[in-house]
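This report covers a pocket and a set of aromatic contacts. Please look over the sequence and structure before reading on.

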Amino acid sequence: MEEIYAKFVSQKINKTRWRPVPPGSLQTAETFATGSWDNEENYVSLWSIGDLGNLDSDGGFEGDYQLLCDIKHHGDVMDLQFFDQERIVAASSTGCVTVFLHHQNNQTLSVSQQWTAAHYHTGPGSPSCSSAPCTGVVCSSPEIVTVGEDGRINLFRVDHKEAVRTIDNADSSTLHAVTFLRTPEILTVNSIGQLKIWDFRQQGNEPSQILSLTGDRMPLHCVDRHPNQQHVVATGGQDGMLSIWDVRQGTMPVSLLKAHEAEMWEVHFHASNPDHLFTCSEDGSLWHWDASTDVPEKSLLFHQGGRNSTFLSHSISNQANVHQSLISSWLSTDPAKDRIEITSLLPSRTLSVNSLDVLGPCLVCGTDAEAIYVTRQLFS
């Protein structure tokens, strides 16, 4: 079991993100950002893990991480993404999108840019221009894409005052999350179980593709794209299931994997080890999924405190005719042949684990129990 360090921070943490390391550098993750919610005052904060987990002079483990700086945030932090080394983009429950700048010389945060009414409700029944929560943000310099409860998609550019492009009625339901598929294409998930692909090169307001869970329109809360195979996408939703999609074929998920007992709030492929995937849930759990081929052949194995229990895996399409080496291990989950090993990373169930992020061997997560957990030894 990895060494995992808890810190109680006296605020409910809704989002946690590692600051990216410079391309080509040999640095490991050192700094992460958190965004709080459901507190009287909410903050965006930056933390350093310093010597966490390293041996100190007495042979014991160093065990704490330090608050570098924080800044008040108006409304709940609904999403948080690093734009680059210095800038962090925060999505607010007020509909505002803010770019914060980290001044490393004196360890302060300031507001660098703000789009105050990025998301708002209009039409009958809503007061004139009532705010709508901004639910998701994704960045690919120089662009920032936001989605919201108003079903609107905005494309912003840093240093531009107005949105470069807005798709006003992109969705009649709430958009919960967004990610880039390829640079001009984004992928959104919504509250009625649909996954939609949008191409900013097209002028219309229609998605270029719609995929959906069949049956009972289960809300999807999170989405992540495989870092090397851009057609492979993972989503999680209200029923706690993990869905794997191949956007090149069909309109349904390739695999449905029984996972958490309540809402899955985030799913992340490991950027450099994409056979590993991480999920967190309202049920207070944080899971590491290992689909790499060197695991002994078993069906879904679940580890917690040495206990194994087998999980249901349901494969929808038969991929046997495709050359195996070309397939992502996530697309070839035939329960008879393949296995996914699941490890529970938290020592005990807690209140909702709202957010997680992985970078190299490091993982951070934030909870409603006002705690942040960090490990630097994911694969040891």
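Which element gives the most to the lining of the largest pocket? Strand β16 does, with 7 residues. The model examined here is predicted.

## The largest pocket

The largest pocket holds about 1500 Å³ of space. Its lining is made up of 48 residues, and those nearest the centre are Arg17, Gln81, Val138, Asp224 and His268. Among the elements that give two or more residues to this lining are β2 (13–18), β6 (77–82), β16 (175–182) and β31 (353–359).

By residue class, the lining of the largest pocket has 25 nonpolar, 14 polar and 9 charged residues.

## Aromatic pairs

The count of aromatic pairs comes to 6. In one of them, the ring centres of Phe32 and Trp47 are 6.3 Å apart and the planes meet at 15°, so this pair is stacked. Phe32 belongs to strand β3 (residues 31–36) and Trp47 to strand β4 (residues 42–48), so the contact ties together parts 15 residues apart in sequence. Both Phe32 and Trp47 are buried.

Phe32 also pairs with Tyr65, edge-to-face, with 5.8 Å from centre to centre and 70° between the planes. Tyr65 lies in the loop between β4 and β5 (66–73) while Phe32 is in strand β3, so this pair ties together parts 33 residues apart in sequence. Tyr65 is buried, as is Phe32. Ring pairs join Trp18, Phe32, Trp47 and Tyr65 in a cluster.

## Charges over rings

Tyr65 has a further contact: the charged end of Lys7 sits over its ring, 5.9 Å from the ring centre. Elsewhere, Arg152 lies over the face of Tyr120, 4.0 Å from the centre of that ring.

Terms used
Residues are numbered from 1 along each chain as its sequence is written. This is a predicted model: local features need pLDDT of at least 70, side-chain atom pairs count only at pLDDT 80 or more; totals for chains, interfaces and linings use all residues. Side-chain values use heavy atoms; hydrogens and water are left out. On a 1 Å grid over the protein atoms alone, a cavity is a set of points where a 1.4 Å probe fits but cannot get out, and a pocket is an open set with protein on both sides within 12 Å along at least five of seven lines; lining residues have an atom within 4 Å of a point. Grid points are joined across faces, edges and corners, and a volume is the space filled by probe spheres set on the points. Helices (H or I, at least four residues) and strands (E, at least two) are DSSP runs, numbered from the N terminus. Ala, Val, Leu, Ile, Met, Phe, Trp, Tyr, Cys and Pro count as nonpolar, Asp, Glu, Lys and Arg as charged, and the others, Gly among them, as polar. Rings of Phe, Tyr and Trp (its six-membered ring) pair if their centres lie within 6.5 Å; planes under 30 degrees apart count as stacked, over 60 as edge-to-face and the rest as tilted. Buried means under 20% relative accessible area, exposed over 50%, partly exposed in between (1.4 Å probe, protein chains only). A charge sits over a ring if NZ of Lys or CZ of Arg is within 6 Å of the ring centre and within 35 degrees of the ring normal.
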